[in-house]
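Work through the exercises below with the coordinates open. Try each task before reading its solution.

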Amino acid sequence: MSVIQLIFLITAVITLGAAIMVVAARNLVHAALWLILTLFGVAVMFGLLSAPFFAVVQVVIYIGAISILMIFAIMLTRRGLLDSGSQFNKGWWVAGLLSLLSFTALVWMLSTWEGFHTPLPELSRDTDFVAALGAQLVNPGGYVLPFEVASILLLAALIGAVVVAWEKKA
Amino acid sequence: MIPLSYFLVFAAALFSIGLYGVLARKNAVAILMGVELILNAVLVNVLAFWRYRTPDKLDGQAFAVMVFAVAAAEVAVGLALFISIYRRRNTIAADEIDLLKW
């Protein structure tokens, strides 16, 4: 077992354990903190996939923005939160069975695919993926249209979130 | 060397854990956390397929950028909705938000 495999396995175990704590923790603030650990583990995975730009974006957007937003929402909806009683539905065991089923089905389906054990291809050393991605995102023959649509979506989400959460003074 | 299968199994496990969170949790914010786990599994898959199958093209990376943007928009609107619902109905439990239930 090589060093890189060892790093992968340790990261995977920590990430999946933290993910299980996210869905199992009774206290929602603890769940949010476990979520931050999970997102960090996924950022390490992006690093292992030689996508360092996405590792940084993961830390900035997911850990820096989304999880802080989550913690804010948890604290704003704190009063009368289900601190007592079960945090789970009556049908939680059905959910557990379904997610186990989906995991087995996914792994079985993927293992029947001939590309399942694709070895790691060599990257050409001289490509700068961040620069190439930036050029491709504003290239009229590339991804400029999806890029602009994504920016309009973000603007609409920004305005929509403000309108929805606006407290009307009676 | 790590083969592609490691990343695919990891992403499948992350997806299934997120699915359990979405289906089993009562609190709406916790459901949104499950959705975040699922979107992260999708991102791992997208980038793994890019790295192992088409490392010469940038389509996989551009796809991942779009997933990031949509995830950020989804969380902003979702949390605003939950805060608004909490103000009006004083609850955040998904099974008590049943105004549209027939």
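**Exercise 1: Fold of chain A**

From the N terminus on, chain A runs α-α-α-α-α-α. Its radius of gyration is 21 Å, well over the 15 Å of the globule rule for 170 residues, so chain A is more spread out than a compact globule.

Conventions come before the tasks. This is a predicted model: local features need pLDDT of at least 70, side-chain atom pairs count only at pLDDT 80 or more, and totals for chains, interfaces and linings use all residues. Residues are numbered from 1 along each chain as its sequence is written, while chains are lettered from A and ligands numbered from 1 in the order in which they are written.

Task: State how many helices and strands chain A has, then give its extent and burial.

Solution. 
- Count DSSP runs, numbered from the N terminus: helices are H or I of at least four residues, strands are E of at least two. Chain A has six helices and zero strands.
- The radius of gyration quoted above is taken over C-alpha atoms, and the globule rule is 2.2 Å times the number of residues to the power 0.38.
- Along its principal axes, the C-alpha trace of chain A spans about 60 × 40 × 30 Å.
- Next, burial: a residue is buried if 20 or more other C-beta atoms lie within 10 Å of its own, exposed if 12 or fewer, and partly exposed in between, with C-beta atoms placed from the backbone. In chain A, 25% of the 170 residues count as buried.

**Exercise 2: Fold of chain B**

Solution. 
- Chain B has three helices and zero strands. The radius of gyration of chain B is 17 Å, well over the 13 Å that the rule gives for 102 residues, so chain B is also more spread out than a compact globule.
- The C-alpha trace of chain B spans about 50 × 25 × 25 Å along its principal axes.
- Buried residues make up 54% of the 102 in chain B.

**Exercise 3: The interface**

Task: Which elements of chain A touch chain B, and how do the residues on that side divide?

Solution. 
- Two residues are in contact if their C-beta atoms, placed from the backbone, lie within 7 Å. The contact takes 73 residues from chain A and 62 from chain B.
- Elements giving two or more residues to the chain A side are α1 (3-24), α2 (28-48), α3 (52-76), α4 (92-111), α5 (129-137) and α6 (144-165).
- That side divides into 56 nonpolar residues, 16 polar and one charged. Here Ala, Val, Leu, Ile, Met, Phe, Trp, Tyr, Cys and Pro count as nonpolar, Asp, Glu, Lys and Arg as charged, and the others, Gly among them, as polar.

**Exercise 4: Helix α2(A) and its end**

Solution. 
- In α2(A), 15 of the 21 residues are buried, so the helix is largely enclosed by the rest of the structure.
- A:Ser50 sits in the loop between α2 and α3 of chain A. A:Ser50 has 15 C-beta neighbours inside 10 Å, so it counts as partly exposed.
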